[in-house]
Amino acid sequence: MSVTDLSGDPTPDVPAAAQTARSSREPTPFAALLTRLHFYAGILVAPFLLVTALTGLAYTITPQLDQALYGDQLAVAAVGDQPTTLAQQVTAARAAHPDGTIATVAPGAGDRTTRVVFSLEKLGDKQHTVYVDPYTGEVTGQLTTWFGSTPATTWLDDLHRNLHLGEIGRHYSEIAASWLWVLVLGGVILWWRRRSATRARTTHLLIPDLSARKGVRRTRGWHATTGVWLAVGLLFLSATGLTWSRYAGANFGAGLDVLRAGTPELSTTLDGVPPPASGGGHQHGGAVTGTADNPASFDIVLTSARGAGLSGPVEISPAAESGQAWTVAQVDNTWPVAKDRISVDPTTGAVTDRSDFADWPLLARLSSLGIQAHMGILFGPVNQILLAALALGLLCVIVWGYRMWWQRRPTRAGRRAPLGAPPARGGVRGLPWWALPLGGPVTVALGWVLPWLGVTLLGFLFIDIALGMLTRRRRRPIPVSPAPAGS
């Protein structure tokens, strides 16, 4: 959120009496420092936020886009009375896609087709997904997917995360997420201070001051009031975006590990597990071998999962090596979510381990729910609408911020400038003695946890120092020789 100068510098047409009144409420050193940081961060980080908002806005329509582009693969033509066995569906998928190994199988239900995902070394982290009508057993198509995402969704996801530039491109989104919360909190503090100083705290905190004359003041009203309305949502997007960023996300994951607050591991060890009393492993007739090459194993595992209470959409993942349990996970990411997981012996159908979402550590649950909400999945279409509104609002705030910068430019003869001047310097010198010893370590710690915040903050500091030196050099008086003229 690129907010320009909110320090209350007098404009050229302010009457002398108003200037005198304003001098009695000069900004505190903290406000002056925050204003200058807010200005530079807003001007320099806003382009990153602009791209993030545009690409995020495009991503919000992916469910509808998938249905429009891939409806024939994702949904069945007609819902039948009884689905065929999962073994038959997997066999049909294997016949249509003889190469690769089966990574996951997501049984279809209702109007959803069954997804059989194949891993191939040449695809890297992508897969081929074969879609099968669960009622007829016929293949409806196949797509190249990424963690279940269709090609269109994958393309828009890559655009939002890294601009299709790979690991290098991920830096842009991390910079945006690292600074978004700083700009939001800074803008709210400065706007609250300004409203408080003008005794309009309640009136114009949530409603723009339309009585202000046209120009920077009215633009600032729209800019700041909109930012206040968006503050909670933007802080949420910043926090959740950082959790899976490259550097800050790695630090977040390490912190969860230290606190033992990450997603619990699910054991796939089969040592000493007795077969179930019901003999569920032999319900299809004869002994079977629990491997992905034996389609009957999928029915055994699915039956055990349903018996263990895993309702709704699930995803079956065969073991990477023989002699290990398979995993079954609920994949309903809409509220209320269903994310329970179990390990199942594919030969006997015995449940060997279990991890219920309700038993996850609080931070792990909040992180999982936050990611789904960030992606527009948690609350369905309502979630999409809220994200689209946040993206559009952020775009407006950015445009208004740059407009203020333009409107504050000097226009008088002899003082013309293409852009507005930054807020006044000197905020650091006016801070109390205890501020630097306290604020310095906090700033360093934030820079370590959020590396791109620290690196860019140093960049802003260098830019500010360079501009200050340049300004002093321009203002330095030209030396005049003390000798009389003509001597």
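This is a predicted model: local features need pLDDT of at least 70, side-chain atom pairs count only at pLDDT 80 or more; totals for chains, interfaces and linings use all residues.
Modeller: Residues are numbered from 1 along each chain as its sequence is written, and side-chain values use heavy atoms, with hydrogens and water left out.

Colleague: Why is Ala364 called buried?

Modeller: Buried means under 20% relative accessible area, exposed means over 50%, and partly exposed is in between (1.4 Å probe, protein chains only). Ala364 has 3%, so Ala364 is buried. This residue lies in helix H10 (residues 362-374); helices are DSSP runs of H or I, at least four residues, and strands are runs of E, at least two, numbered from the N terminus.

Colleague: What does Ala364 touch, leaving out residues up to four places away in sequence?

Modeller: A contact is heavy atoms within 4.5 Å. Ala364 touches Ala261, Gly262 and Thr263. The C-alpha atoms of Ala364 and Gly262 are 5.1 Å apart, although 102 residues separate the two along the chain.

Colleague: And why is Trp433 called exposed?

Modeller: Trp433 has a relative accessible area of 74%, so Trp433 falls in the exposed class. You'll find Trp433 in the loop between helix H11 (381-407) and H12.

Colleague: Which residues make the nonpolar surface patch?

Modeller: Phe30, Trp433, Trp434, Leu438, Val442 and Leu446, covering about 690 Å². Helix H12 (residues 435-449) gives the most, with 3 residues.

Colleague: Where is the kink in helix H7 centred?

Modeller: On Leu230, with a kink of about 55 degrees in H7 (residues 216-243). The bend is the angle between axes fitted to the seven residues ending at a residue and the seven starting there. H7 is mostly covered, too, with 20 of its 28 residues buried.

Colleague: What makes a set of residues a nonpolar core?

Modeller: The members are buried Ala, Val, Leu, Ile, Met, Phe, Trp, Tyr and Cys residues, joined through side-chain atoms within 4.5 Å. In the largest one, of 28 residues, Val45, Leu49, Trp179, Leu234 and Leu390 touch the most other members. H6 supplies the largest share of this core, 8 residues.

Colleague: Which residues does Leu390 touch, again leaving out those up to four places away in sequence?

Modeller: Leu230, Gly233, Leu234 and Leu237.

Note on methods: Patches are made of residues with over 30% relative accessible area and no salt bridge: like charges are joined within 9 Å, nonpolar side chains (Val, Leu, Ile, Met, Phe, Trp, Tyr) within 5 Å. Accessible areas come from the Shrake-Rupley method with a 1.4 Å probe; for residues, only the protein chains shown count as cover. A salt bridge is a side-chain nitrogen of Lys or Arg within 4 Å of a carboxyl oxygen of Asp or Glu.
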